[in-house]
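Hello,

Here is the structure I promised to pass on. Please have a look at it first, and my notes follow below.

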Amino acid sequence: MARTSADSMNEQTPASPDPRQLARDLKHFMTPRTGRGTWELGSTLAAFLALFTILLFAVGAGYWWALIGTPVAGMLLLRLFIIQHDCGHGSFLPSKAWNDWIGRSLGVLTFTPYDCWRQSHAIHHSATGNLDRRGFGDVDTLTVEEFDQKSATGRLLYRIYRHPLILLGLGPAYLFLLRHRLPIGLMKEGARYWVSAMATNAAIAAIATGLIYAFGVAVVAAVFFPVILTAATVGVYLFYIQHQFDGAKWERKADWSYHEAALGGSSYLHLPQPLRWFTGNIGVHHVHHLASTIPFYRLTEVMREHPGLSEVNRFRVRQSFRALRLALWDEEERRLVTFREAKLRRAQMAAA
């Protein structure tokens with residue numbers, strides 16, 4: 001019988017450490033550091049604002065070649081999103097109030113209302129790898145059986161949704177430019193989330209109005225859209241590979257364990273520098289899900305002290321792109337499969 005990619009990965013990956021014991025061992029990394037956090041925020045924010053301003057003046061002067069700097073600005077914006085993400089976990093600074101207000105302020109730059117995102121992300125963390133609690137803060141994933149039970153139109157729409165050009169093309173633009181303008185999924189959960197979304201929208205509109213008045217619509221659009229879409233696309237790609245990969249563990253509620261799902265259902269994307277810096281070590285996602293209150297700037301300490309974690313669910317960038325083909329969860333084989341693999345399995349079952 002042909003070996004599957006999951007079989008190959010299981011042969012190459014050593015046994016994972018006990019997740020509950022590891023969570024206890026990691027507690028001493030959970031203390032945020034005021035000086036380090038202040039430096040991470042100040043240096044990243046200053047670099048982003050400086051580069052964004054340079055691009056506005058350069059494009060306004062007709063130097064369109066200056067747009068080659070937009071990917072760097074986009075990656076700096078992504079790093080600000082990672083800081084906002086840590087604020088949402090209460091792990092960036094020791095002060096809860098400072099975490100929240102820094103997170104809300106950065107949400108204006110990242111087009112992400114902080115309180116809405118923090119709540120949806122908390123639900124995501126509480127249900128990662130749980131097949132009975134999918135659909136909130138996740139990339140929508142059907143089981144093979146659920147896909148087969150859909151109508152022809154439903155299957156076509158799901159195929160379109162899971163296509164890489166949609167996931168990494170239209171999807172990020174829709175998510176950050178449109179979906180985040182309303183508290184989708186939290187509309188009936190109280191006024192707090194409406195205030196978060198509307199206040200963020202108002203602040204974005206005020207900043208945009210000022211920039212347009214100073215530089216003009218065309219210049220602002222020429223700089224803004226490439227920057228935000230760079231950050232959004234890379235961010236969605238990272239979010240995808242963090243939980244959609246060969247070897248990911250998913251279980252029904254009766255068999256689901258938070259600690260096992262956190263470590264086994266999250267990947268370690270091994271990135272070279274400077275990508276680790278730009279992405280705020282978010283590639284060390286298996287550790288993050290196991291101990292989400294560890295500041296991103298201390299994750300490198302964890303990996304040094306626990307070197308065995310560097311071999312758990314490890315991928316490099318080139319390997320990670322293959323995971324974009326995965327689309328369905330096969331409950332019989334207990335792994336993510338491609339549409340083609342699911343079709344071949346159906347044909348084998350029909351023949352049998």
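Is Phe81 buried or exposed, and what is its relative accessible area? Phe81 is buried, at a relative accessible area of 16%. Please keep in mind that this is a predicted model.

Phe81 also has an aromatic partner, Phe176. Their ring centres are 6.1 Å apart and the planes stand at 75°, so this is an edge-to-face pair. Phe176 counts as buried as well, with 11% relative accessibility. Because Phe81 belongs to helix H4 and Phe176 to helix H9 (residues 164-178), the pair ties together parts that are 95 residues apart in sequence.

Now to helix H4 itself, which runs over residues 70-88. From the first C-alpha to the last, its 19 residues reach 27 Å, close to the 27 Å expected at 1.5 Å a residue. Of these 19 residues, 17 are buried, so H4 is largely enclosed by the rest of the structure. After the helix comes Gly90, with a positive phi near 70°.

Among the buried residues are Trp117, Arg118, His121, His124 and His125. What do the buried residues of H6 pack against? Their partners are H4, H5 (96-110), H10 (191-215), H11 (217-243), H12 (258-264) and H14 (285-290), each of them a helix. Just after H6, Gly129 has a positive phi of about 80°.

Back to the rings: the structure holds 19 aromatic pairs. One of them joins Phe48 and Phe52, which are tilted, with 5.7 Å from centre to centre and 35° between the planes. Both Phe48 and Phe52 are buried. They are four residues apart in helix H3 (residues 34-60), so about one helical turn separates them. Elsewhere, ring pairs link Phe147, Tyr158, Tyr161 and Phe339 into a cluster.

Two arginines are worth a look too. The charged end of Arg79 sits over the ring of Trp277, 3.8 Å from the ring centre. Arg104 lies over the face of Trp101, and here the distance to the ring centre is 4.5 Å.

Best wishes

Conventions
Residues numbered from 1 in each chain as written. Predicted model: local features only at pLDDT ≥ 70, side-chain atom pairs only at ≥ 80, totals over all residues. Heavy atoms only, no water. Helix = DSSP H or I, 4+ residues; strand = E, 2+ residues; numbered from the N terminus. Expected span 1.5 Å × (residues − 1). Buried < 20%, exposed > 50% of the residue type's maximum accessible area, 1.4 Å probe, protein only. Phe/Tyr/Trp six-rings, centres within 6.5 Å; stacked < 30°, edge-to-face > 60°. Lys NZ or Arg CZ within 6 Å of the ring centre and 35° of its normal. Contact = heavy atoms within 4.5 Å.
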